[in-house]
Amino acid sequence: MPHEPQPHPADAPSPEGTETAAPEGASAPAAPENTEAPEPQAWKQFGITAEDYLLPARGQIRMISPEGRLLPENEQGTEPGHEYPIPADEHLLAAYEALVVGRRVNDQNSALVRQGRMAVYPSSHGQEACQVAAALCLGENDWMFPTYRDSVAVMTRKVTPLETMTLFRGDWHGGYDPQQYKVGIQSTPLTTQLLHAVGVAHAAKLKGEGTVVLAMCGDGATSEGDFHEALNFAAVYRLPVIFFVQNNQYAISVPLKAQTAAPSLAHKAVGYGMAGERVDGNDLVALLAVLERAVSLCRAGQGPLLVEAQTYRMQAHTNADDATRYREDSEVQEWAPKDPVLRARAYLTERGLLDAAAEARIKDAAEKTAAELREGMNADLEPNPEELFDFVYSQKTPQMREQQEMLREELSREQHASEQAGTVAGGAEHGTEA
Ligand SMILES: Cc1ncc(C[n+]2csc(CCOP(=O)(O)OP(=O)(O)O)c2C)c(N)n1
Ligand SMILES: [Mg+2]
């Protein structure tokens with residue numbers, strides 16, 4: 001009988017019951033070969049060795065200077081096999097518009113926090129080029145898994161501003177339907193979203209859907225155990241995932257040098273057998289170029305990849321943090337001229353792609369989004385505390401029913417007490433009037 005090719009564990013989940021431990025002394029079954037997925041061989045297409053492909057280029061990939069000038073090829077940080085074509089003009093213009101809207105959203109949200117309309121906001125001010133490129137490199141059916149800092153990326157993927165900000169108003173839920181937008185809920189626990197991303201990529205690969213998944217995290221998150229597990233699993237199972245690390249130099253108060261001894265975060269990729277690349281995270285053009293290539297490599301079965309964007313968190317970690325306690329203002333000032341919005345604007349203007357009329361139209365679009373946010377946030381939330389129990393399991397456990405009953409009683413006691421207080425206060429008021 002001819003030998004049947006064994007499916008890779010990723011391609012054929014074991015039937016029920018086969019997970020039980022083998023009896024002591026029994027030899028373990030041989031690990032099935034991955035006969036379905038082609039060997040990753042992108043280096044052949046780039047004419048370089050596997051090692052040169054997996055290792056990031058020596059410098060960061062950068063295409064436009066901080067003044068917005070197109071850099072000559074020998075200053076772009078590229079090496080053989082690590083060259084990137086400049087994205088199409090229309091793509092750059094759409095990205096610039098999203099960049100301007102994103103900056104306006106960041107500033108609006110910070111103002112809404114100061115006005116007490118929003119509970120907390122981790123701003124991506126200074127990182128907007130990363131946000132926009134992450135959302136725009138993906139196709140409609142691809143998935144994105146963001147963190148708490150990635151609201152601008154979420155909105156760029158067309159989640160409405162108000163839905164996006166629901167979580168930060170203090171509501172109990174994430175605000176939008178992940179399936180509708182193909183965007184995971186913004187994750188507050190560090191790196192849990194990377195595992196979700198890998199799971200979605202695994203499922204999509206099994207179903208043959210051709211989906212690419214972009215999983216986002218920060219520099220600090222690369223020290224988490226889940227980061228290791230996500231990358232290792234994705235690499236072993238050759239999943240179509242891009243791990244997009246925004247290295248903004250800080251994990252709250254912890255600077256990068258106290259976070260890692262690696263030459264760069266992109267170098268972590270080679271240890272897993274995936275390609276890594278470093279890119280200037282304030283250069284919209286380079287970000288789009290590197291991420292677009294990463295998406296097409298993943299789509300062609302050459303994933304996963306890791307892209308590290310080197311950028312800077314211009315504001316405090318959140319409004320609850322005082323960044324002057326752990327970093328010098330002079331350091332922040334050094335990054336100010338590298339601003340991604342100014343830089344992209346200078347480049348596009350110089351190229352003749354952006355004129356005053358286009359600028360005015362884009363500014364209007366940004367103001368419209370900010371107004372939509374202000375209006376939505378000014379309407380008070382009316383959360384129903386009982387919903388807390390509605391979506392935990394499809395059927396409530398006895399303990400949950402008991403807790404729900406306790407909450408109902410407590411709410412009704414409170415309601416009663418406040419009605420009593422209202423009657424007393426009302427009476428007193430009338431008394432004064434009398
Ligand atoms: C599992 C887990 N551990 C710790 C925290 C607390 N925490 C919140 S943000 C943060 C720093 C994360 O830094 P980084 O990954 O660089 O992302 P950034 O905030 O700079 O975007 C930490 C430690 C958390 N949210 N989740
Ligand atoms: Mg960080």
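A residue counts as buried here if 20 or more other C-beta atoms lie within 10 Å of its own. I am working from a predicted model. With that cut-off, 38% of the 434 residues of the protein come out as buried.

**Overview**

I looked up the secondary structure and got 14 helices and seven strands. Then I checked the contacts between residues at least 6 apart in sequence, and 75% of these join residues at least 24 apart.

**Ligand 1**

Which residues are closest to ligand 1? I found Leu190, Gly218, Gly220, Ala221 and Ala251, out of 15 residues that surround the ligand. I sorted that shell by class and got seven nonpolar, five polar and three charged residues. Two strands turned up as suppliers: β2 (213-218) and β4 (250-251) each give the shell at least two residues.

**Helix α3**

I took the span of α3, which covers residues 89-114. Its 26 residues reach 38 Å from first C-alpha to last, close to the 38 Å expected at 1.5 Å a residue. After α3 comes glycine 116, and I noted that its phi is positive, near 80°.

**Strand β6 and what follows**

How many residues of β6 (275-280) are buried? Six of six, so by the cut-off of 20 C-beta neighbours the strand is mostly covered. I also looked at which way they point. Ala275, Glu277 and Val279 go one way, Gly276, Arg278 and Asp280 go the other way, and all are buried.

Next I followed the chain onward. β6, helix α10 (residues 284-299) and β7 make a right-handed β-α-β unit. β6 and β7 (residues 305-310) pair in the parallel sense, over six bridges. Within that pairing I found glycine 276 opposite leucine 306.

The loop between α10 and β7 holds proline 304. I checked the peptide bond from glycine 303 to proline 304 and it is cis, with omega near -5°. Most peptide bonds are trans, so I flagged this one.

**Methionine 274**

Methionine 274 sits in the loop between β5 (254-255) and β6. Is it buried or exposed? I counted 24 C-beta neighbours inside 10 Å, so methionine 274 is buried. Leaving out residues up to four places away in sequence, methionine 274 touches Leu54, Ala235, Ala269, Pro304, Leu305 and Leu306. Pro304 in that list is the residue on the cis bond from glycine 303. I also took a C-alpha to C-alpha distance: methionine 274 and alanine 234 are 9.1 Å apart in space and 40 residues apart in sequence.

Most residues other than glycine have a negative phi, so I went looking for exceptions.

Lysine 158 has a positive phi of about 80°. I placed lysine 158 in the loop between α5 (151-156) and α6 (161-165). It has 12 other C-beta atoms within 10 Å, so lysine 158 counts as exposed.

Glutamine 249 also went on my list, with a positive phi near 80°. Where does glutamine 249 lie? I found it in the loop between β3 (241-247) and β4. Glutamine 249 has 18 other C-beta atoms within 10 Å and is therefore partly exposed.

Conventions. Residues numbered from 1 in each chain as written. Chains lettered and ligands numbered in written order. Predicted model: local features only at pLDDT ≥ 70, side-chain atom pairs only at ≥ 80, totals over all residues. Helix = DSSP H or I, 4+ residues; strand = E, 2+ residues; numbered from the N terminus. Contact = placed C-beta atoms within 7 Å. Near = placed C-beta within 6 Å. Nonpolar A, V, L, I, M, F, W, Y, C, P; charged D, E, K, R; others polar. Expected span 1.5 Å × (residues − 1). Pairing = 2+ DSSP bridges. Right-handed = clockwise from strand over helix to strand, strands pointing away.
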